[in-house]
Amino acid sequence: MMRELIEELFAPALANPLLDTGADAVSLSVPADQELMVTTDGFTVQPLEFPGGNIGSLAVHGTVNDLAVSGAVPRYMTLSVFLEEGLEIALLRRVVDALARAARACGVAVVAGDTKVVGRGDCDGIYLAATGIGFRPRNVCFALNRICSGDRVLVSGPIGEHGAAVMLAREEFGLRGDLESDAASVFPQAQALMTVAGLRFMRDPTRGGLATVAHEIARSAGLAVRLEEAQIPVNDSVQSVCELLGFDPLYLACEGRLVAIVAPETAERALAALRTVAPRAALIGEIGDGSPQVILHTAFGGERSLDELEDDPLPRIC
């Protein structure tokens with residue numbers, strides 16, 4: 001039965017020249033002038049399907065994005081699938097089809113995988129684990145230790161959409177809306193930024209959102225991160241949901257955005273380049289001297305310290 005599931009459902013959807021369901025391993029070639037980049041992640045989002053995607057497409061985008069913000073070109077993925085006994089085949093097919101479409105759109109080949117079925121109640125429908133492989137030019141390096149006082153902070157678009165969409169999809173609060181997740185590849189955004197000198201660091205703000213990335217930067221660089229509330233793009237629908245339920249969009253997950261730190265002298269050029277593929281990208285703050293902390297300059301002219309997130313307000317978000 002497992003062989004039939006793989007051959008009849010997974011293999012046709014994920015078909016590519018390197019996928020051999022009868023082999024234990026595959027061979028991948030590495031370009032001589034490139035270095036191999038690897039990332040791995042697990043996906044347990046609930047519900048499995050949400051406006052704008054499902055756990056399958058999310059697994060591809062989440063894996064591809066971790067490579068993209070490292071300056072790599074994503075090429076390959078491996079996939080481990082954990083299925084709960086009794087899962088509807090129709091649901092599984094939708095997840096696999098969405099995963100396959102996302103992989104093709106991102107130019108990524110699923111080259112190896114494994115499938116396990118666990119007992120009823122031991123897995124919440126579907127869990128996925130993915131490893132991504134990409135290649136990066138050897139002279140490219142983005143790191144937290146390259147960030148300097150005076151650097152500028154960019155974000156590639158409105159924040160919090162994935163977290164808000166998944167929250168509404170759960171219908172735990174009796175709310176409904178037409179919000180969609182922003183889940184997508186950030187590879188075009190990362191590549192656009194890489195055409196401009198002075199790029200220090202990139203990160204996709206997933207769990208914990210923009211505020212958590214800002215705290216990571218402050219802590220690792222030993223500097224203060226100052227954000228301008230009026231410049232941070234937040235869609236009205238996300239803001240409304242947050243106001244109703246007491247959430248802060250700064251802490252909500254994004255799955256199709258990146259945060260970048262760039263040198264002050266190239267910040268405007270970097271923003272212009274980013275806007276060629278992400279029209280709502282914005283310059284939202286800067287890095288300054290001082291103790292490692294995150295300060296938000298409010299739209300009313302004051303300022304407040306953004307606390308570091310201790311408890312996940314929305315577990316199972318990705």
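In which loop does aspartate 182 lie? Aspartate 182 lies in the loop between α4 (161–170) and α5, where helices (H or I, at least four residues) and strands (E, at least two) are DSSP runs numbered from the N terminus. The structure is a predicted model, in which local features need pLDDT of at least 70 and side-chain atom pairs count only at pLDDT 80 or more, while totals for chains, interfaces and linings use all residues. Residues are numbered from 1 along each chain as its sequence is written, and side-chain values use heavy atoms, with hydrogens and water left out.

**Aspartate 182 and its surroundings**

- Aspartate 182 is buried, with a relative accessible area of 7%; buried means under 20% relative accessible area, exposed over 50%, and partly exposed in between, with a 1.4 Å probe and protein chains only.
- A polar atom of the aspartate 182 side chain lies 2.9 Å from the backbone nitrogen of glutamate 255, where a polar contact is a pair of N or O atoms within 3.5 Å, one of which, within protein, must be able to donate a hydrogen and the other to accept it, and residues adjacent in sequence count only if both atoms are side-chain atoms.
- Once neighbours within four places in sequence are left aside, aspartate 182 is in contact with Pro158, Glu161, His162, Cys254, Glu255, Gly256 and Arg257, contact meaning heavy atoms within 4.5 Å.

- Strand β4 (residues 73–84) pairs with strand β5 (residues 109–118) in the parallel sense over 9 bridges, two strands being paired if DSSP finds at least two bridges between them.
- Within this pairing, phenylalanine 82 has lysine 116 of β5 as its bridge partner.
- The chain passes from β4 to β5 through helix α3 (residues 89–106) in a right-handed β-α-β crossover, a term that applies if, with the strands pointing away from the viewer, the path from the first strand over the helix to the second runs clockwise.
- Cysteine 123 is found in the loop between β5 and β6 (126–137), and it counts as buried at 3% relative accessibility.
- Apart from neighbours within four places in sequence, cysteine 123 is in contact with Phe82, Leu83, Glu84 and Val118, and its C-alpha atom is separated by 8.5 Å from that of glutamate 85, which is 38 residues apart from it along the chain.

- Helix α1 (residues 2–13) has 12 residues and reaches 16 Å from its first C-alpha to its last, close to the 16 Å expected at 1.5 Å a residue, the expected span being 1.5 Å times one less than the number of residues.
- Leu5, Leu9, Phe10, Ala11 and Ala13 are buried in α1, and what covers the buried residues of this helix includes β4, α3 and β5.
- In helix α2 (residues 55–68), 13 of the 14 residues are buried, so this helix is largely enclosed by the rest of the structure.
- The N-terminal end of α2 is capped by asparagine 54, a side-chain oxygen of which lies 2.8 Å from the backbone nitrogen of glycine 56.

**Helix α6**

- Histidine 215 lies in helix α6 (residues 209–221) and counts as buried at 12% relative accessibility.
- A polar atom of the histidine 215 side chain lies 2.6 Å from the backbone oxygen of leucine 306.
- With neighbours within four places in sequence left aside, histidine 215 is in contact with Val294, Leu306, Asp307 and Glu308.
- Valine 213 also has its place in helix α6 and is buried, with a relative accessible area of 5%; beyond neighbours within four places in sequence, valine 213 is in contact with Arg203, Asp204, Pro205 and Val259.

**Helix α8**

- In helix α8 (residues 267–275), Ala267, Ala270, Leu271, Ala273 and Leu274 are buried.
- Seen down the axis of α8, these buried residues fall within an arc of 165 degrees, so they line one face of the helix, the arc being that of the directions from the helix axis to the C-beta atoms.
- Glu268 and Arg269 are exposed on the other side of α8, whereas what covers its buried residues includes β7 (152–155), α5 (187–193), β10 (259–262) and β11 (282–288).

**Strands β9, β12 and β13**

- Strand β9 (residues 224–228) and strand β12 (residues 294–297) pair in the parallel sense over 4 bridges, with isoleucine 295 of β12 as the bridge partner of arginine 226.
- Strand β13 (residues 303–305) runs antiparallel to β12 and is joined to it by 3 bridges, and arginine 304 in β13 is the bridge partner of leucine 296.
- The hairpin of β12 and β13 has 5 residues between the strands, and glycine 301 takes a positive phi near 95 degrees there.
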